[in-house]
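Subject: Structure handover

Hello,

Here is the structure I promised to pass on. My notes follow below it.

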Amino acid sequence: MGWETTRERLRAVRSDLAAAIPVNAAQLPAAGLLWWIWNTSQDRYDSGYDGAWGIFCLLVFAPLLLPVLGLLLSVVLTLPAVVLARPMTRRSGGPEWACRTVAAAVVAVGWGAVATVLWHRPFVTTASVFTALGLLPALGIAYVRTRSWSGWGLWWRSALACAVLFALALGGGLAASLSGPVPPYEPPRPTGAQLTGTWRGDDGTGLRLERAGRAEARELPVEPTDRDPATGGHRDYVVCAGSGIWKPDAGALRTLDRADG
């Protein structure tokens with residue numbers, strides 16, 4: 001009895017995995033598009049990542065990437081949620097879809113906590129993203145398993161659902177960007193506390209900004225105010241050193257790299 005029960009459970013897990021991979025793969029392009037639309041409204045200087053290039057690679061290599069990514073999400077999010085939902089359904093006697101929803105949220109919260117502890121990601125945002133990614137597959141495989149579809153039939157339906165979800169994400173994302181829920185990108189506006197410290201350029205330029213408003217510069221390029229006696233014309237620039245006072249100005253430091261705090 002124990003061995004037969006184990007075999008039945010393994011068979012159920014394999015069946016769930018086979019159904020979860022296409023469902024997860026179907027939602028990934030839409031999820032990537034929504035992430036890119038949101039990322040374009042954020043501080044690009046902090047992200048350091050070209051989202052448009054990522055979306056392009058995803059679309060070009062989708063036939064190879066989506067099954068692999070679908071498998072990864074299925075193992076990390078979907079299967080734990082399905083396994084957790086089964087005892088919840090038996091004990092609570094509630095509807096299966098409600099138990100799967102709760103289980104998907106619990107698994108997402110767990111992974112959100114892991115990401116927060118290990119990689120210092122925002123807990124609420126990370127848990128919300130994992131919940132959104134895990135909810136549809138957790139609910140969808142219950143429907144998929146009731147259909148007598150072949151592997152090919154399941155995958156072409158996944159491709160069709162992928163196109164529909166991508167179109168909906170594109171329309172919804174554009175509407176959100178135009179109507180206001182997704183704000184347009186604005187350059188970062190650093191505060192005075194963020195600007196204080198020593199800044200260095202690739203050409204040896206040095207600028208030290210103190211909290212009290214004092215500034216010290218070394219080899220700082222400025223526009224000349226006199227004519228070059230050697231050529232009789234204006235020089236392109238001159239360098240100077242000295243001290244003075246300063247106030248926050250994001251544009252003046254945009255091309256410099258901060259050396260220390």
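Arg214 and Glu216 form a salt bridge, with their closest N and O atoms 3.6 Å apart. A salt bridge here is a side-chain nitrogen of Lys or Arg within 4 Å of a carboxyl oxygen of Asp or Glu. Arg214 counts as partly exposed, because its relative accessibility is 39%. Glu216 is also partly exposed, at 36%. The classes are buried (under 20% relative accessible area), exposed (over 50%) and partly exposed (in between), with a 1.4 Å probe and protein chains only.

Before going on, two points on the source. This is a predicted model: local features need pLDDT of at least 70, side-chain atom pairs count only at pLDDT 80 or more, and totals for chains, interfaces and linings use all residues. Residues are numbered from 1 along each chain as its sequence is written, and side-chain values use heavy atoms, with hydrogens and water left out.

**Around the first pair**

Ser243 sits in strand 4 (residues 238-245). Leaving aside neighbours within four places in sequence, Ser243 is in contact with Arg214, Ala215 and Glu216. Contact means heavy atoms within 4.5 Å. Ser243 and Arg214 are 29 residues apart in sequence, yet their C-alpha atoms are 7.2 Å apart in space. Ser243 is partly exposed, because its relative accessibility is 49%.

**The other salt bridges**

The whole structure has three salt bridges. In one of them, the side chains of Arg86 and Asp16 meet at 2.4 Å, N to O. This pair links distant parts of the chain: Arg86 is in helix 4, Asp16 is in helix 1 (residues 2-39), and 70 residues separate them. Asp16 is buried, with a relative accessible area of 1%. Arg86 is partly exposed at 29%.

Another joins Glu96 and Arg100, at 2.9 Å, N to O. Both residues lie in helix 5, four residues apart, about one turn of the helix. Glu96 is partly exposed, at 41% relative accessibility. Arg100 counts as buried, because its relative accessibility is 7%.

A polar atom of the Arg100 side chain lies 2.9 Å from the backbone oxygen of Ala138. Not counting residues up to four places away in sequence, Arg100 touches Val82, Ala85, Ala138, Leu139, Ile141 and Ala142.

**Chain overview**

The protein chain has eight helices and five strands. Along the sequence the order is α-α-α-α-α-α-α-α-β-β-β-β-β. Helices (H or I, at least four residues) and strands (E, at least two) are DSSP runs, numbered from the N terminus. Of the 261 residues, 31% are buried. Among contacts between residues at least 6 apart in sequence, 61% join residues at least 24 apart. The accessible surface comes to about 16800 Å², and carbon and sulfur atoms account for 65% of it. Areas come from the Shrake-Rupley method with a 1.4 Å probe; for residues, only the protein chains shown count as cover.

**Helices**

Helix 7 (residues 151-179) has 29 residues and should span 42 Å at 1.5 Å a residue; its end C-alpha atoms are 41 Å apart, which agrees. The expected span is 1.5 Å times one less than the number of residues. The buried residues of helix 7 are Gly153, Leu154, Ser158, Cys162, Ala169, Gly173 and Ala176.

Which residues form the nonpolar patch on the surface? Val60, Phe61, Leu64, Leu65, Leu69 and Leu72 do, with about 550 Å² of accessible area together. Patches are made of residues with over 30% relative accessible area and no salt bridge, where like charges are joined within 9 Å and nonpolar side chains (Val, Leu, Ile, Met, Phe, Trp, Tyr) within 5 Å. Helix 4 (residues 62-92) gives the largest share, four residues. Leu64 is in helix 4, and Leu64 is exposed at 64% relative accessibility.

**Two single residues**

His120 lies in the loop between helix 5 and helix 6 (123-144). Its phi is near 60°, a positive value in a residue other than glycine. Most residues other than glycine have a negative phi. His120 is exposed, at 68% relative accessibility.

Thr198 is in strand 1 (residues 197-200). Thr198 is buried, at 10% relative accessibility. Its side chain makes a polar contact of 2.8 Å with the side chain of Arg208. A polar contact is a pair of N or O atoms within 3.5 Å; within protein, one must be able to donate a hydrogen and the other to accept it, and residues adjacent in sequence count only if both atoms are side-chain atoms.

Best wishes
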